[in-house]
Amino acid sequence: MEPAAASRNCPFDYAEALEFDPVLKHLMTEEPVSRIRLPHGDGDAWLVTGYDDVRTVTTDRRFSRSAVIGRNFPRMTPEPIVQDEAINVMDPPGSSRLRSLVSKGFAPRHMERMRVRTQHVVDELLDRMEAHGSPADLTEHLADPLPLATICEVLDIPEADRAQLRSHARTMMDVGIDNRDNAVRAKADLRAYFEKLTAHRRANPGDDLISTLATARDGDEILNDRELAVMAMVLLITGQDTTTYQIGNIAYALLTRPKELAMLRADPGRLPQAIEELLRFIPFRKGVGIPRVATEDVELSGVTIQAGDIVHVSYLTANRDGRKFDRPDELDLERTGPSHMTFGWGGHHCLGAPLATTELQVALGTLLERFPDLRLAKPADEVRWNRTSIWRYPLALPVLW
């Protein structure tokens with residue numbers, strides 16, 4: 001058994017287009033289970049980088065998400081984004097009960113309705129972009145408004161409330177040390193908003209996702225008022241920003257790779273498979289998310305993690321593990337290898353993944369169909385990238401057609 005390496009300071013602030021973070025690259029190849037120190041929170045944590053080890057941490061009951069509640073755990077943001085009552089800090093069987101209830105909101109009949117709504121929004125947005133004329137900013141006209149509009153349509157959030165809710169969500173994602181007080185207020189305001197909204201939907205259900213969740217039953221089980229409010233809040237946060245950033249990231253990846261772009265234009269039926277590979281390949285965020293706590297001593301890759309230790313996993317490095325993926329650092333739109341971990345793994349695999357995938361397929365498929373000669377309006381090295389959030393994405397993506 002190897003002794004643990006000294007703790008490494010990891011700001012995880014690398015944001016050079018879609019290049020892979022060299023610190024993560026070093027850790028995954030040289031120290032696959034390593035000690036790290038993050039910008040916020042108390043003490044050090046373990047970082048687990050290999051595909052199989054990440055799968056162990058995310059599925060083994062000896063690693064607990066709920067054990068982080070009440071701890072000032074090492075993290076990327078000044079204020080924890082997660083709510084203590086949220087499903088993403090629950091362990092089975094509590095999380096299993098909620099996942100069963102929430103999954104009913106993403107049943108095939110609901111997903112088909114969401115696809116229709118998404119197509120309607122995409123068509124309207126691209127109509128406006130076409131009317132605006134070439135050149136136009138793809139971030140402004142498609143990536144930025146689509147996921148917010150879609151998740152708000154699905155949750156039936158009034159138009160007048162949407163901009164403020166998005167502002168709150170973005171404030172919570174900001175990694176700046178001087179942002180803590182603003183993040184605390186933003187989280188409280190979002191919580192209060194959804195407590196009021198979900199109470200109203202419980203009493204007056206419609207055909208939106210919140211109403212579906214409010215009335216979902218698994219035998220005698222239903223979501224209680226607190227669970228429903230927090231779940232709606234989580235859906236808003238995770239259902240808009242991450243998809244916004246991935247639309248921009250995927251569009252940039254394709255527009256800077258003529259061979260892959262031509263392949264999709266020649267055969268649009270490849271798009272679903274291609275999106276899975278793009279999701280694997282793109283380093284969509286910086287660093288790590290919500291950790292777990294080891295409830296007993298566990299050995300991973302020759303290193304002993306002790307009971308009580310905080311453990312982070314990197315889905316980014318798992319997606320680049322050369323033991324699982326042939327040529328892991330290459331984008332191969334014909335790849336049929338193992339499943340990527342971009343939506344997480346195990347009991348905390350993203351419940352909204354079907355909606356996110358639907359949005360990406362509809363948005364990118366429609367974009368390529370309507371603008372067959374779409375191209376970047378400036379050199380790739382002049383595209384500006386976000387540097388203040390936990391997410392990697394282009395701030396603007398000017399295109400011509």
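Residues are numbered from 1 along each chain as its sequence is written, and side-chain values use heavy atoms, with hydrogens and water left out. Because the model is predicted, local features need pLDDT of at least 70 and side-chain atom pairs count only at pLDDT 80 or more, while totals for chains, interfaces and linings use all residues.

**Packing against helix α14**

Helices (H or I, at least four residues) are DSSP runs, numbered from the N terminus. Helix α14 covers residues 353–370, and helix α6, residues 145–155, packs against helix α14 at an angle of about 130°, with the two axes 11 Å apart. Axes are lines fitted to C-alpha atoms, for helices over the stretch in contact, and angles run from 0 to 180 degrees between N-to-C directions. The helices α6 and α14 are therefore oblique to each other; angles under 35 degrees count as roughly parallel, over 145 as roughly antiparallel, 65 to 115 as roughly perpendicular and the rest as oblique. The crossing of α6 with α14 is right-handed, a term for the near helix being turned clockwise from the far one by less than a right angle.

On the α6 side, L146, P147, T150 and I151 take part, and they meet L355, E359 and A363 of α14. These residues comprise five nonpolar, one polar and one charged. Here Ala, Val, Leu, Ile, Met, Phe, Trp, Tyr, Cys and Pro count as nonpolar, Asp, Glu, Lys and Arg as charged, and the others, Gly among them, as polar. T150, placed in helix α6, touches T118, L355 and E359, not counting residues up to four places away in sequence; contact means heavy atoms within 4.5 Å.

Helix α4 also meets α14: the two axes come within 9 Å and cross at roughly 35°. This crossing is right-handed as well. Among the contacting residues are M111, T118 and M129 of α4, and P354, L355 and E359 of α14. By class, the α4–α14 contact has ten nonpolar, five polar and six charged residues.

**Burial of selected residues**

Buried means under 20% relative accessible area, exposed over 50%, and partly exposed in between (1.4 Å probe, protein chains only).

| Residue | Relative accessibility | Class |
|---|---|---|
| C10 | 0% | buried |
| M129 | 0% | buried |
| T150 | 2% | buried |
| A107 | 17% | buried |
| C350 | 27% | partly exposed |

M129 lies in helix α4, residues 108–132. The contacts of M129 are A136, L138, H141, L367, F371 and W401, not counting residues up to four places away in sequence. M129 and R375 are 246 residues apart in sequence and 14 Å apart in space, C-alpha to C-alpha.

A107 is found in the loop between α3 (94–103) and α4. A107 and P354 are separated by 247 residues in sequence and by 9.6 Å in space, C-alpha to C-alpha.

Helix α12, residues 271–281, is mostly covered, with eight of its eleven residues buried. Those buried in α12 include L271, A274, I275 and F281.

**Cysteines**

A disulfide is a covalent bond between the sulfur atoms of two cysteines. The structure holds zero disulfides, counted here as pairs of cysteine sulfur atoms within 2.5 Å. For C350, the closest cysteine sulfur is in C152, 16 Å away, which is too far for a bond.

Notes. Helix = DSSP H or I, 4+ residues; strand = E, 2+ residues; numbered from the N terminus.
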